[in-house]
Structures are given as structure tokens and as C-alpha cells.
Amino acid sequence: MNVYTKVPIGLDGIPAAETVLSHVDGEQGRLIIAGADVADLAGRSSFEEVTARLWSGATGREIGTAEVRASLGTARQRAFGRLPELLAASRGMSIVDGFRVGIAALRAEDGLEHEATIVGAGPVIAGALTQRAQGHEPIAPDPAASHAADTLMMLGGHAPAPREVAALDAYFVTVCDHGMNASTFATRVVASTQADLFAAVTSGYCALTGPLHGGAPEPVLDMLNAIGSRERIKPWVDDALARGERLMGFGHRIYRVRDPRADVLKSAIQKLAVDGAGLPFAGEVEAYIREALRRKNPNRPLDTNVEFFTAILLDALKIPRQAFTPVFAVARAAGWTAHALEQRRTGRLIRPSSSYIGATPAARD
Ligand code: ACO
């Protein structure tokens with residue numbers, strides 16, 4: 001807490017905008033996206049349908065699912081045509097960094113709204129960077145496919161099974177928006193200056209890449225690999241906590257109970273793979289970590305967050321872990337663009353203050 005202003009450093013609980021897009025209730029463990037509970041959307045509504053709801057809410061114009069599906073198909077094709085320039089400056093970079101460069105290099109496309117250009121380009125850039133990392137040429141998008149199906153095709157290089165498409169679509173819906181998280185805040189700050197959507201979304205992506213936000217799933221897999229076996233769960237976790245480490249995939253700034261997205265993704269994984277795709281081992285690790293965190297911080301509820309099961313789901317879909325954060329961004333781009341549009345239409349320049357704790361020269365007479 002800031003002793004001068006009583007505003008918490010880190011802005012916990014301070015509303016920075018009014019929004020119709022999503023609401024996170026951290027006490028109840030509830031996430032509402034565009035008027036519906038996340039558990040009722042994932043697996044029932046497609047990513048295109050939820051994106052249409054978000055963009056309709058942000059613009060005040062009724063936008064249909066078919067319109068979104070068509071514009072995203074066109075946008076994927078346009079991005080593919082521009083790949084040489086989108087990838088040019090990212091040679092030698094990781095997939096996570098190359099994605100940042102690719103998004104920043106996007107520009108207005110004739111006949112397409114900026115939001116469609118951005119969301120459509122995401123899987124094309126992520127797919128091309130993933131293929132390039134494996135020494136392969138990029139795979140052309142299919143404008144008639146769903147966004148989830150085409151993403152898997154471009155990332156993996158083969159036609160995905162319907163259950164795989166369903167799993168990625170459920171993931172996209174689950175993580176497409178989440179209140180005033182750090183990357184959405186960054187997006188809205190930039191949009192509030194009336195900078196364009198490309199600038200706003202680039203800043204959102206930059207915020208997402210940190211391990212305290214969207215960069216956690218890759219370290220979650222590293223952790224599961226490092227633990228390795230059932231016998232090592234307790235000693236590994238106890239040692240890590242004794243060293244003061246933060247365990248990736250646990251804890252949340254808002255949720256004081258379990259992140260509702262964790263269970264939505266857990267059930268998507270159960271539907272995806274007959275053998276549960278590593279779920280039994282991960283479940284044991286999860287159970288012990290929850291218990292250990294309760295012991296270590298009895299007064300601060302710390303539970304599983306979305307990133308724990310994201311890691312397992314994306315791994316089961318054979319997406320390389322180096323592409324996890326860009327794949328998260330493919331989905332979250334729907335929320336970022338909606339928030340940028342809403343901010344530009346209804347918001348106010350976001351310009352907080354700081355609390356000066358430096359030296360103050362004597363007042364002049
Ligand atoms: N593992 C171990 N201890 C933790 C964890 C964790 N994952 N998370 C919080 N704690 C501890 C802190 O060390 C702190 O302990 P202390 O009081 O002894 O210093 C206490 O719990 C309170 O932590 P805060 O700093 O208040 O938690 P905050 O709200 O700032 O952090 C955050 C939230 C960043 C998500 C944190 O829980 C964390 O680092 N988790 C691991 C990374 C992660 O999973 N990130 C993905 C988040 S989901 C998303 O962004 C999509």
C-alpha cells in the first residue's frame with residue numbers, strides 16, 4: 001500500500017475502465033465473457049462466435065459469426081502474402097520474440113478492419129515461426145477453415161483431427177479475454193492515446209510475454225519434466241518453495257479461489273485424449289503443490305491458475321513449448337482488439353500518477 005495516497009502499488013482493485021467485455025470475480029471464481037460464463041462458452045461456442053460477441057460489444061455494431069469467420073479467413077491469407085516482410089526482421093530470434101516483431105510489422109489492409117487483420121495474422125505468424133524453427137517452409141492457410149483448425153494446420157503441418165480442433169477452440173474461447181489483466185491494461189493505455197490498434201496490440205503482447213503473466217506455461221512443462229516422477233514430487237516442490245521460488249501455474253492476483261479456467265481446460269484435455277494426456281501425473285503434482293502452498297502461505301489462498309492446464313493441453317496438441325505464448329496471444333488478440341476499440345470509443349486518456357519518494361529540494365522564496 002502506498003503510504004501517501006492509500007492506493008496499492010500494483011493498482012490491485014483499482015478500476016481503470018468501464019467495460020462490457022468481461023468480468024473476473026476473484027472471490028467467487030467466476031469469469032464472464034461478453035455476458036456468458038466461461039464454462040458455458042468453451043466447447044459450445046466457437047472462437048469466431050465469441051470474437052463476434054466481443055467486437056459487437058466493443059463497437060456497438062452487431063457483428064455476426066459468419067462475418068468474423070470470413071474476415072479472419074481473408075486476414076490469414078493476407079498475412080501469408082506478407083510473410084516475407086513480417087518475418088524479415090526476426091531472423092535468429094526465438095518464436096516468442098519473432099512473434100512480437102511480426103505483430104509490430106502489421107499494417108492496414110484494404111477492405112479489412114484492423115481487428116480482423118491482427119487476429120487473422122496471429123496464427124500465420126506463429127505457424128511460420130514454428131515451421132522456420134524446424135527448418136521448414138511456412139504452410140499456407142485455408143481461408144475456409146475455422147481459426148482453430150487453421151492454427152493447428154499451420155503450426156503442425158498436418159490436418160488436425162476434429163477432437164484436436166475442438167480442444168484448441170475450447171482453449172481459444174477460455175483465454176480470449178480476462179478483465180483488466182496486465183496485457184489488456186497495456187493495450188488500453190496505448191489505445192487511450194488514440195494510437196492505432198497495431199500499436200496497442202503490440203504493447204499488449206509485450207506485456208503478455210513475462211512469466212508472471214502469459215509466459216508461464218513453458219516453465220510449467222519445464223517444472224513437470226524436472227520433477228519427472230511421482231517419488232520426486234514432494235522433495236522437488238518442498239525444495240523449490242524453501243528456496244523461495246514461485247511455482248509456475250499457481251497463484252493469481254485476482255482469484256482467491258480456483259481459477260475457473262483451470263477446470264474448463266482440464267475437461268477439454270479429458271475429451272482430447274483417451275489416456276488423459278499426462279493428466280494423472282500432472283494431477284498429483286497439482287494436488288501436492290496446492291497442499292504445500294496452503295502450508296507455506298496459510299493466509300494467502302494460492303490455487304491452480306489457467307497456465308497449469310494450458311501447458312498440458314498445448315503439449316497434448318503437440319504444439320512446441322516455445323510457441324505457447326504466441327498461441328496464447330492468438331486467442332487473447334480477440335480480447336485486446338475489443339478492449340482497444342472500446343477504449344478508443346468510450347474511454348478517457350489513461351494517465352495515472354506516481355508517488356514521489358525521492359529528495360525534494362528546499363522551496364525557493
Ligand atoms: N508459488 C509460490 N509462492 C507464491 C506463488 C507461487 N506461484 N504465487 C504467490 N506466491 C506467494 C508470494 O511469494 C508471496 O509470498 P510472501 O508473502 O511470503 O512474499 C505471496 O504468495 C503473495 O504473493 P503476491 O505477490 O501477493 O501475489 P501476486 O498477486 O502479486 O502474484 C502472480 C500473482 C504473479 C500470478 C503469482 O501468483 C505468481 O508469480 N505465480 C506464478 C506465475 C504464474 O503462474 N503466472 C501466470 C498467471 S495467470 C495469467 O497471467 C494468465
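This is a predicted model: local features need pLDDT of at least 70, side-chain atom pairs count only at pLDDT 80 or more; totals for chains, interfaces and linings use all residues.

Residues are numbered from 1 along each chain as its sequence is written, and side-chain values use heavy atoms, with hydrogens and water left out.

**Ligand site**
- The ligand is surrounded by 22 residues, each with a heavy atom within 4 Å of it.
- Leu-247, Gly-249, Phe-250, Arg-253 and Asn-305 are the closest of them.
- This shell consists of 11 nonpolar, 6 polar and 5 charged residues; Ala, Val, Leu, Ile, Met, Phe, Trp, Tyr, Cys and Pro count as nonpolar, Asp, Glu, Lys and Arg as charged, and the others, Gly among them, as polar.
- In the side chain of Arg-300, an N or O atom is 3.0 Å from an oxygen atom of the ligand.
- Of the ligand's 930 Å² of accessible area on its own, the protein covers 76% (Shrake-Rupley method, 1.4 Å probe).

**Second largest pocket**
- The volume of the second largest pocket is about 280 Å³, taken as the space filled by probe spheres set on grid points joined across faces, edges and corners.
- A pocket is an open set of points on a 1 Å grid over the protein atoms alone where a 1.4 Å probe fits, with protein on both sides within 12 Å along at least five of seven lines; lining residues have an atom within 4 Å of a point.
- It has 17 lining residues, and Ala-42, Gly-43, Ala-166, Ala-170 and Lys-271 are the closest to its centre.
- Helix H8 (162–175) and helix H13 (260–272) each give two or more residues to this lining, with the largest share, 6 residues, coming from H8.
- Helices are DSSP runs of H or I with at least four residues, and strands are runs of E with at least two, numbered from the N terminus.

**Sheet**
- An open antiparallel sheet has 3 strands in the order S1-S2-S3; strands pair if DSSP finds at least two bridges between them.
- Its edge strands are S1 (22–25) and S3 (36–37).

Notes:
A polar contact is a pair of N or O atoms within 3.5 Å; within protein, one must be able to donate a hydrogen and the other to accept it, and residues adjacent in sequence count only if both atoms are side-chain atoms.
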